[in-house]
Number of protein chains: 2
Amino acid sequence: MNTIRERIAQRSLLPGDRLPSVRALAGSMKLSPATVVDAYERLVAEGTIQARPGSGFYVSNAVLQPLTLMKAQTPEARAIDPFWVSRQSLDAAETVLRPGCGWLPPDWMPQAALSRAMRAVARTQTGIMTDYGNSRGSPTLRRLLLSRFSEEGISASPEQVMLTNTGTQALDLICRYLLRNGDTVLIDDPCYFNFQALLKAHQVNLVSVRYTQSGPDPSEFEAVISQHRPRLYITNSALHNPTGATLSPQVAHRVLTLASQHQVTIIEDDIFADFEPEPSPRLAALDGLNQVIRIGSFSKALSASIRCGFIAARQEWIEGLVDLQIATNFGGPSPVAAEIIAHVLTSGGYRKHMEELRRKLAHARQDLGKRLEALGIRPLLRPRGGFYLWCSLPGGVDAAELAQAALAHGIVLAPGNVFSLSQNAANLMRFNVAQMQDKRIDAVLADILTSR
Amino acid sequence: MNTIRERIAQRSLLPGDRLPSVRALAGSMKLSPATVVDAYERLVAEGTIQARPGSGFYVSNAVLQPLTLMKAQTPEARAIDPFWVSRQSLDAAETVLRPGCGWLPPDWMPQAALSRAMRAVARTQTGIMTDYGNSRGSPTLRRLLLSRFSEEGISASPEQVMLTNTGTQALDLICRYLLRNGDTVLIDDPCYFNFQALLKAHQVNLVSVRYTQSGPDPSEFEAVISQHRPRLYITNSALHNPTGATLSPQVAHRVLTLASQHQVTIIEDDIFADFEPEPSPRLAALDGLNQVIRIGSFSKALSASIRCGFIAARQEWIEGLVDLQIATNFGGPSPVAAEIIAHVLTSGGYRKHMEELRRKLAHARQDLGKRLEALGIRPLLRPRGGFYLWCSLPGGVDAAELAQAALAHGIVLAPGNVFSLSQNAANLMRFNVAQMQDKRIDAVLADILTSR
């Protein structure tokens, strides 16, 4: 059924076209004819194809096959894949524990500062509360970003920065702007699982490079880009997700040189920047926003509800990206959201909030490391900051099976292979240390691991 | 230069490919060889192509040609097209007057109610202020939408509704979900200009149907869909933008029957719904969310800054659209924004605000009608509500020229052809009556019109 649906979706079978005969399809797919007949009958029942007695099966005229990112129709029926973690984490009941999710618990976030900022913005009886605002987004927040960039040694003009709704939307806009169907994109293995989901929506080819504790493996990087000629390389440098690794200066320089030689544009997603104890090397800083595009957001450190992302890039690209954001979203992000964020960032409390967060996270990483050790679960490396531990499970344990079993106990986990294009992380698991405060999780994991 | 850039963008010329010879291109484009040499030299200068002496010109390996929605690089250099109005309206200095824009002035919006709602939400110390929230968006706001739909006679289940960042993003998600490159989409002529900009980003073919005072012309509708077999028809039924026309029951029924016969999915953008004195026929209500998808937002009546759009459609489509929104935006719209909107909608003040707005707009339409009449500018019809008047200019006046001249006086207008795929609205102009309170506009228009 999926094979036929995909051919229709890709327009290689058009409305009115005759389907392969049952015998032919059974032969080519190594299935029994009865299985193919069954699939065809179900496709008839759902209206995708029509049977013409004595003639065969035809693509229904009524069919309009949508872009199917997922094979299963409902989250419940799905295998564990990049969407599984997202939807389980976002949509689970409040009682569900989420060590697999990618954000901090509400009481770790600066709720009081956000509340103060919201009330302050609510008092400004100007267009900020009602108007669309500037097409590049709030000038106040863009100025703050420019001064942050300048601290990092990136000199950017105001015309090189734009705000977006979210960090993910920033990445999506750039992909729409720079990619065409069939282009190739390079990602890290492992990498943030939603990069894969996003690039699937762009219908591009994916290739990956092994991510080591000091960045992408440089010789593999060179081999892959020479062979596959990707248009883009998407990575996060500071506190790499899921490994927590830190890019070394040597690897950063090497990657940038190779990317330059092979005309690969790099998108550096800097979403965990503020969680580092001190800044690590950045591709955007080495390159100066020439072939590197910097993206980021405030979702991890401030709020994922009052959302705002940003892009810093060459001016002519920003110009095109602004047009694209108008066409597809009408205007930039919420002026109110940008104003609230700018208010918190300048309130003086932000630096303190981040210091406190880094301290709490350092304790939580250390504490959880010990608790996991007791279960035979071992972090592959000790991250300098952030909230992830990327761990190996006791010998032979399949992370996806463990995640399925844990879900039955009301616990959402993030199994290794959702992060891995090559699917070589079946024995690994990403844990969010801030979402592991509840000791019931240890008991459930111990139960599942010992009952095997 | 644009021809070569477009061929590269469409990948019909690849990096390393040889360009047509100067002589050949000059011949096929009916240009002098000197012009082609000049264009090639400029392309060499910008790095798009390379000259190899004695051999010719080649596409540079460094070239990565972005999706160009606009030919000119900067808004200032642009001709008047769908983006011109958007960017001028969004980015003009505060002193600029905007009768061409598509929103109400801040003091027409419910600022006090929004401020109260923001302060109320700021007091809730829960995850609403910090978390990503449910992947379909706030359950509170979705329940409110369901009861509105039910009042209109549309029975939808909670699984058939999702929230989005904006109404435009709702449309964009659906287009990504249902369209492929090269598909054909039907729009009204005239229609909201950003539909054209959005569909350009989707690289689809556009066809249009003449919009009359009672909806799309039914016989033209039938002819166009039989001939071009569009996948989608995008329209707004209530208070059609820019004409202010109202769909009649007969046309609604006819359009729906024809669309059903030809398997055309309809997107009904209901953004001006609350501005009608009483509800007019809706395709979604007749059809019951089978082949019609309803979209909308709160940007026009409540706030374009605290933004939220929505989609109501078949459940299986919503399921796929939620995946696509996760992949491209990570999660739904801001929970805080949805909560503030829900608060205003249920506060009791909303109904009063809309009654007041409709009353003010009725007066403004009447008043402006007279003022325009004095300038020889005549509304083509008298809309039942809303803030647009779609007007003919005195004989022979070109709306784009008038718009350019007015811009020099700090006034942004919306000339007819930005709304018209067939470009047959050169003599028409859309006026936003709420943005015409300043009488200086009449004086400037009179000056320009008489000095011709």
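Is A:Asp270 buried or exposed, and what is its relative accessible area? The legends below take up this residue and then visit other parts of the structure. This is a predicted model, in which local features need pLDDT of at least 70 and side-chain atom pairs count only at pLDDT 80 or more, while totals for chains, interfaces and linings use all residues. Residues are numbered from 1 along each chain as its sequence is written, chains are lettered from A and ligands numbered from 1 in the order in which they are written, and side-chain values use heavy atoms, with hydrogens and water left out.

**View 1. A:Asp270 and its contacts.** A:Asp270 is buried, at 6% relative accessible area (buried means under 20%, exposed over 50% and partly exposed in between, with a 1.4 Å probe and protein chains only). Look for this residue in the loop between S8 and helix H11 (283–287) of chain A; helices (H or I, at least four residues) and strands (E, at least two) are DSSP runs, numbered from the N terminus. Setting aside neighbours within four places in sequence, A:Asp270 is in contact with A:Ala238, A:Arg282, A:Arg294, A:Ile295 and A:Gly296 (contact means heavy atoms within 4.5 Å). For a sense of scale, the C-alpha atoms of A:Asp270 and A:Met129 are separated by 29 Å, and the two residues are 141 residues apart along the chain.

**View 2. Helices H6(A) and H13(A) where they cross.** Here helix H6 (residues 139–151) and helix H13 (residues 335–346) of chain A have axes that come within 8 Å and cross at roughly 45°. Axes are lines fitted to C-alpha atoms, for helices over the stretch in contact, and angles run from 0 to 180 degrees between N-to-C directions. H6(A) and H13(A) are therefore oblique to each other; angles under 35 degrees count as roughly parallel, over 145 as roughly antiparallel, 65 to 115 as roughly perpendicular and the rest as oblique. From H6(A), A:Thr140, A:Leu141, A:Leu144 and A:Arg148 meet residues of H13(A), including A:Ala338, A:Ile341 and A:Leu345.

**View 3. Strand S4(A) beside S5(A).** Six of the six residues of strand S4 (residues 184–189) of chain A are buried, so this strand is largely enclosed by the rest of the structure. S4(A) pairs with strand S5 (residues 205–212) of chain A in the parallel sense over six bridges (two strands pair if DSSP finds at least two bridges between them). You can find A:Thr184 opposite A:Asn205 in S5(A).

**View 4. The cis peptide bond at A:Pro190.** The bond from A:Asp189 to A:Pro190 is cis, with omega near 5°. A:Pro190 lies in the loop between S4 and helix H8 (193–201) of chain A. In chain B, a cis peptide bond joins B:Asp189 and B:Pro190, with omega about 5°.

**View 5. An open sheet in chain B.** Four strands run in the order S11-S12-S14-S13, with antiparallel pairing. The edges are strand S11 (378–379) and strand S13 (414–415) of chain B, each pairing on one side only. S13(B) joins strand S14 (residues 428–432) of chain B through two bridges in the antiparallel sense, and B:Ala414 stands opposite B:Arg430 in S14(B).

**View 6. A:Gln263, with a positive phi.** Although not a glycine, A:Gln263 has a positive phi of about 50°. Its place is the loop between helix H10 (249–261) and strand S8 (265–269) of chain A. A:Gln263 counts as partly exposed, at 26% relative accessibility.
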